Amino acid sequence: MSTNEELIGRADINDIEAILAVAAEEGEENVRAVKDNADAIFTWDYEKGRRPALNKLYEKAKHAQWNGETDLDWSIEVDPLELVEMQRHSFGQTPETRAAQIAGTPFEKWSDKEFDQLGIESNNWMLSQFMHGEQGALICTAKIVETVPWIDAKYYAATQVMDEARHVEVFAKYLDTKLNGHYPLNAHLGLLLDDIIEDSRWDMTYLGMQIMVEGLALAAFGFMHQMTTEPLLKKLLRYVMSDEARHVAFGVLSLKEYYAELSDAEMLERKEFAFEAAVRMRDRFMQQEVWERMGLKPKEVLPLLIDNPNRLLFQQMLFTKIVPNCKKLGLLDRNDGWLRHRFEELGVIEFEHLTDTSDEYEAFALGDQELADSAIA
Ligand SMILES: [Fe+2]
Ligand SMILES: [Fe+2]
């Protein structure tokens with residue numbers, strides 16, 4: 001079994017210095033190349049519906065297509081500061097405003113102006129990472145089309161490629177036309193996307209992307225959807241989530257069959273990969289780039305925030321989809337509960353009893369009325 005050091009590069013998962021040592025790439029490069037190390041697999045078994053659950057997803061996906069240009073009302077004007085105020089109203093006190101009450105912290109001298117700017121930067125940062133993550137999903141799902149050996153899965157993945165193109169498109173458009181500035185790819189998210197893309201095994205693409213990254217995205221989008229009353233972003237998130245739930249279900253339904261056949265040694269590799277992904281995603285939410293842009297040293301800010309109850313609650317909420325899905329796949333309890341213990345360490349094991357996404361994805365689907373409205377728009 002691998003140690004924390006081998007998996008995530010540090011012994012203590014809360015070691016702030018080590019977390020911050022992973023920095024975003026500088027540079028003007030407009031492209032980034034990652035080796036994908038995989039064979040493209042043809043199958044000669046064209047029998048549609050051999051895997052009924054995947055076939056059903058594929059038929060649903062064909063029916064659920066929407067158009068980011070015409071189904072969202074881009075004439076709505078968005079004031080980035082108003083967006084921040086709405087979120088404050090829903091969320092109540094933020095960790096930062098609480099920290100401001102502590103004498104001797106970097107926040108002590110901040111006025112409303114700096115806290116407003118922090119809110120604006122945090123939204124730019126969050127939506128930028130969503131956008132980059134969506135591009136990761138676009139690339140990973142194109143890879144699944146090539147590498148998965150089952151025709152029903154190739155068909156479904158092809159619809160997901162289209163979904164992800166639409167998601168990148170709408171997040172980029174929202175950032176470009178309604179907010180004011182992108183952030184580059186967060187280094188922790190970058191490491192995770194590289195790991196997923198570089199792995200030659202087709203199921204690892206699913207585990208990294210559909211189960212971990214998209215499982216987290218589904219929870220994070222749901223949270224943001226609840227917090228915001230800005231009508232354009234709210235509808236954008238609602239539409240994206242209707243696709244995202246299907247994508248996570250695609251991961252669960254495909255891997256459930258495949259994992260049933262794997263040995264304990266093979267399963268352990270999957271668990272370690274899932275744990276590494278979980279820690280990378282958690283690290284990214286330290287949003288170190290935002291602190292730097294605000295002129296603060298992340299090393300001074302993060303210790304103030306790391307134990308804040310609001311922040312911990314948010315961080316744990318990100319795992320509400322991941323944990324029950326890992327359980328459904330048998331990842332929690334084989335190998336003497338290795339992953340169960342890691343999730344206990346992260347404080348998220350309590351979510352194991354929630355409904356898994358393969359059982360709840362249909363509840364996220366757009367209703368016929370919503371799809372009909374969008375066809376007219
Ligand atoms: Fe997506
Ligand atoms: Fe997705």
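Gly251 counts as buried, because its relative accessibility is 0%; here buried means under 20% relative accessible area, exposed over 50%, and partly exposed anything in between, with a 1.4 Å probe and protein chains only. This residue is found in helix 10 (residues 231-259), where helices (H or I, at least four residues) are DSSP runs numbered from the N terminus. Leaving aside neighbours within four places in sequence, Gly251 is in contact with Tyr206, Gln210 and Ile211, contact meaning heavy atoms within 4.5 Å. The C-alpha atoms of Gly251 and Glu121 are separated by 33 Å, and the two residues are 130 residues apart along the chain.

The structure is a predicted model, in which local features need pLDDT of at least 70 and side-chain atom pairs count only at pLDDT 80 or more, while totals for chains, interfaces and linings use all residues. Residues are numbered from 1 along each chain as its sequence is written, chains are lettered from A and ligands numbered from 1 in the order in which they are written, and side-chain values use heavy atoms, with hydrogens and water left out.

Next come the metal sites. The iron ion (ligand 1) is coordinated by Glu134 (OE), Glu164 (OE), His167 (ND1) and Glu244 (OE), at 2.0 to 2.2 Å. Donors are N, O and S atoms within 2.8 Å of the metal (3.2 Å for Na, K and Ca); water is not among the atoms, so sites may look incomplete. Along the sequence, these donor residues follow the spacing E-x29-E-x2-H-x76-E. Glu134 lies in helix 6 (residues 112-147) and Glu164 in helix 7, so this pair ties together parts that are 30 residues apart in sequence. Glu134 is buried, with a relative accessible area of 4%, and Glu164 is buried at 0%.

Glu214, like Glu164, is buried.

How far apart do the iron ion (ligand 1) and the iron ion (ligand 2) lie, and which residue bridges them? They lie 2.9 Å apart, and Glu164 is the bridge.

Conventions:
Helix = DSSP H or I, 4+ residues; strand = E, 2+ residues; numbered from the N terminus.
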